[in-house]
Amino acid sequence: MPDQIMPDQPALKQPKGLYSLANLKRLAYLLDDRFKIPFTRYRLGWDFIIGLIPVAGDILTAILSLHILVAARKYDVSGGVMWRMLSNILIDMVVGAVPIVGDLLDASWKANAMNVKLLVKSIEKQQDMFITGAEQAEGS
């Protein structure tokens, strides 16, 4: 019976489509690491390139980054993790808005990759708690 979900326990949410983990990881890759700088180990994404447009570029990339935050809500991620994700996005936007120096710092601040890692870690924690709860219910 370990493969069955107990009827009194809800299943973990696994959003599909735009909010699937595979699509969120792809979005983070495109925004943060899409392009390799030749002869270096550094990578840049569309976040850096679009962010070169003063103010509007940083606002646009922040809006794109919010997609990962919305997905976190759909995965029932805790409020504390979501606040951390939002702070990563805001730091990315504010620092990136500073001409030249901000753009260089923005290239190294991979907010989307950090947020996907936070999301995955939170989902894994939920799954561990779910499995532990199911095992305890089974043992009763």
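Biologist: Let's start with Asp-33: does it count as buried, partly exposed or exposed, and at what relative accessibility?
Modeller: Asp-33 counts as partly exposed, at 22% relative accessibility. Buried means under 20% relative accessible area, exposed means over 50%, and partly exposed is in between (1.4 Å probe, protein chains only).

Biologist: What should I know about the model itself?
Modeller: This is a predicted model: local features need pLDDT of at least 70, side-chain atom pairs count only at pLDDT 80 or more, and totals for chains, interfaces and linings use all residues. Residues are numbered from 1 along each chain as its sequence is written, and side-chain values use heavy atoms, with hydrogens and water left out.

Biologist: Back to Asp-33. Which side chain meets it in a salt bridge?
Modeller: Lys-110 does, at 3.3 Å, N to O. A salt bridge here is a side-chain nitrogen of Lys or Arg within 4 Å of a carboxyl oxygen of Asp or Glu.

Biologist: Why does that pair tie together separate parts of the sequence?
Modeller: Lys-110 sits in the loop between helix 5 and helix 6, and Asp-33 in the loop between helix 1 and strand 1, so the bridge joins parts that are 77 residues apart in sequence. Helices (H or I, at least four residues) and strands (E, at least two) are DSSP runs, numbered from the N terminus.

Biologist: And Lys-110, buried or exposed?
Modeller: Lys-110 counts as buried, at 18% relative accessibility.

Biologist: How many salt bridges does the structure hold?
Modeller: Two. Asp-76 and Arg-73 also meet in one, through their side chains (4.0 Å, N to O). Asp-76 is partly exposed at 38% relative accessibility, and Arg-73 is exposed at 52%.

Biologist: Where does Asp-76 lie, by the way?
Modeller: In the loop between helix 3 and helix 4. Its backbone deserves a look too. Asp-76 has a positive phi of about 60°, although it is not a glycine. Most residues other than glycine have a negative phi.

Biologist: What is phi for Phe-39?
Modeller: Near 65°, a positive value in a residue other than glycine. Phe-39 is found in the loop between strand 1 and strand 2 (43-44). It is exposed, with a relative accessible area of 88%.

Biologist: Zoom out. How many helices and strands are there?
Modeller: The protein chain has six helices and two strands. Along the sequence the pattern reads α-β-β-α-α-α-α-α. Of the 140 residues, 34% are buried.

Biologist: Which residues have the most contacts inside the largest nonpolar core?
Modeller: Leu-24, Ile-68, Ala-72, Tyr-75, Val-77, Met-85 and Leu-119, in a core of 18 residues. Helix 1 (21-32), helix 3 (56-74), helix 4 (79-96) and helix 6 (111-139) each supply at least two residues of it. Helix 3 gives the most, with five. A nonpolar core is a set of buried Ala, Val, Leu, Ile, Met, Phe, Trp, Tyr and Cys residues joined through side-chain atoms within 4.5 Å.

Biologist: Aromatics next. How many aromatic pairs does a search of the whole structure find?
Modeller: One. The ring centres of Phe-35 and Trp-46 are 5.1 Å apart and the planes are at 75°, so the pair is edge-to-face. Phe-35 is in strand 1 (residues 35-36) and Trp-46 in helix 2 (residues 46-51), eleven residues apart. Rings of Phe, Tyr and Trp (its six-membered ring) pair if their centres lie within 6.5 Å; planes under 30 degrees apart count as stacked, over 60 as edge-to-face and the rest as tilted.

Biologist: Last one: what lies over the face of Tyr-19?
Modeller: Lys-74, at 4.9 Å from the ring centre. The cut-offs are NZ of Lys or CZ of Arg within 6 Å of the ring centre and within 35 degrees of the ring normal.
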